[in-house]
Amino acid sequence: MFENVRWENVWEATSETLFMTGFSVAATFFLGIILGLLLFLTSRGGIWENKPVNIIISAFVNIFRSIPFILLIILLIPFTKAILDTFLGAKAALPALIIGAAPFYGRMVEIALREIDKGVIEAARSMGAKTSTIIWKVLIPESSPALISGITVTAIALVGYTAMAGVVGAGGLGNLAFLEGFQRNNNAVTMIATILILVIVFIIQFIGDFITSKLDKR
């Protein structure tokens with residue numbers, strides 16, 4: 001069954017998927033926390049309460065997290081080509097992956113921050129704590145289990161995004177399954193690509209659940 005499988009292509013595709021997923025998860029985590037903090041801090045009653053800024057950031061988040069990923073890739077082709085001089089390959093998928101996932105995670109960060117007991121925040125403010133201190137000593141630590149749980153869900157979604165990106169030339173397991181599996185009617189390649197994607201998802205879920213359980217003090 002597997003005699004028509006070119007394993008060197010499988011490992012190359014797997015490494016491309018891991019690269020796209022790893023890089024985009026790291027960037028999404030960083031940018032998502034910034035977006036979530038800005039949404040939370042500029043909201044009504046927030047430390048930086050600013051309705052116009054909050055509306056702008058919220059609109060950006062809502063727009064980009066609502067666009068289907070396959071359409072987002074197409075819409076960002078001119079932007080991707082301008083900054084990378086190509087829209088093909090694993091690196092070329094990164095802008096769409098990050099722009100598609102960061103707003104989604106940013107909203108999850110905002111929700112996690114809103115779950116924090118307001119009394120804890122007010123206590124820190126009454127003691128004269130700076131905003132930076134409140135962010136790093138109160139908001140991030142108190143919401144860390146939800147933040148990790150959120151990035152785990154986002155990372156799993158990003159694995160699926162990489163598969164879709166592969167169909168339009170980004171490489172990875174999605175590209176392998178489409179070109180060597182579907183188009184060449186090689187079901188073994190499609191099955192292997194699917195299994196490897198599932199393995200990656202299960203590993204991400206296991207790591208995320210493990211870290212979340214360690215951070216959750218309840």
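1. At the start of helix 6, which spans residues 118–126, a side-chain oxygen of Asp-117 comes within 2.9 Å of the backbone nitrogen of Gly-119. This distance, like every other value in this note, is computed from a predicted model.

2. How do helix 6 and helix 7 pack against each other? Their axes lie 10 Å apart, at an angle of about 150°. Because angles over 145 degrees count as roughly antiparallel, helix 6 is assigned as roughly antiparallel to helix 7. The crossing of helix 6 with helix 7 is right-handed.

3. On the helix 6 side, the residues in this contact are Val-120, Ile-121, Ala-124 and Arg-125; on the helix 7 side they are Ile-134, Val-138 and Leu-139. By class, the residues of the contact of helix 6 with helix 7 comprise 6 nonpolar, no polar and 1 charged. Residues three or four places apart in an α-helix point the same way, because there are 3.6 residues a turn.

4. Helix 7 (residues 131–170) also meets helix 1 (residues 7–41), and here the axes come within 7 Å and cross at roughly 135°. Helix 1 and helix 7 are therefore classed as oblique to each other. The handedness of the crossing between helix 1 and helix 7 is right-handed.

5. The contact between helix 1 and helix 7 draws on Thr-17, Met-20, Thr-21, Ser-24, Val-25, Thr-28, Phe-29, Ile-33, Leu-37, Phe-40 and Leu-41 from helix 1. Helix 7 contributes Ile-135, Leu-139, Ile-140, Ile-151, Thr-154, Ala-155, Leu-158, Val-159, Thr-162 and Ala-170. The contact residues of helix 1 with helix 7 separate into 15 nonpolar, 6 polar and no charged. Leu-139 of helix 7 takes part in the contact with helix 1, and Leu-139 is also listed in the contact with helix 6.

6. Is Thr-212, a residue of helix 9 (residues 187–215), buried or exposed? Its relative accessibility is 16%, and since buried means under 20%, Thr-212 counts as buried. A polar atom of the Thr-212 side chain lies 2.7 Å from the backbone oxygen of Gly-208.

7. Apart from neighbours within four places in sequence, Thr-212 is in contact with Pro-145, Ile-148 and Ser-149. For reference when inspecting these positions, helix 7 covers residues 131–170 and helix 9 covers residues 187–215.

Methods
Residues numbered from 1 in each chain as written. Predicted model: local features only at pLDDT ≥ 70, side-chain atom pairs only at ≥ 80, totals over all residues. Heavy atoms only, no water. Helix = DSSP H or I, 4+ residues; strand = E, 2+ residues; numbered from the N terminus. Buried < 20%, exposed > 50% of the residue type's maximum accessible area, 1.4 Å probe, protein only. Polar contact = N/O pair within 3.5 Å; in protein donor to acceptor, adjacent residues only side chain to side chain. Contact = heavy atoms within 4.5 Å. Axes fitted to C-alpha atoms, helices over the stretch in contact; angles between N-to-C directions. Parallel < 35°, antiparallel > 145°, perpendicular 65-115°, else oblique. Left-handed = near helix turned anticlockwise from the far one by under 90°. Nonpolar A, V, L, I, M, F, W, Y, C, P; charged D, E, K, R; others polar.
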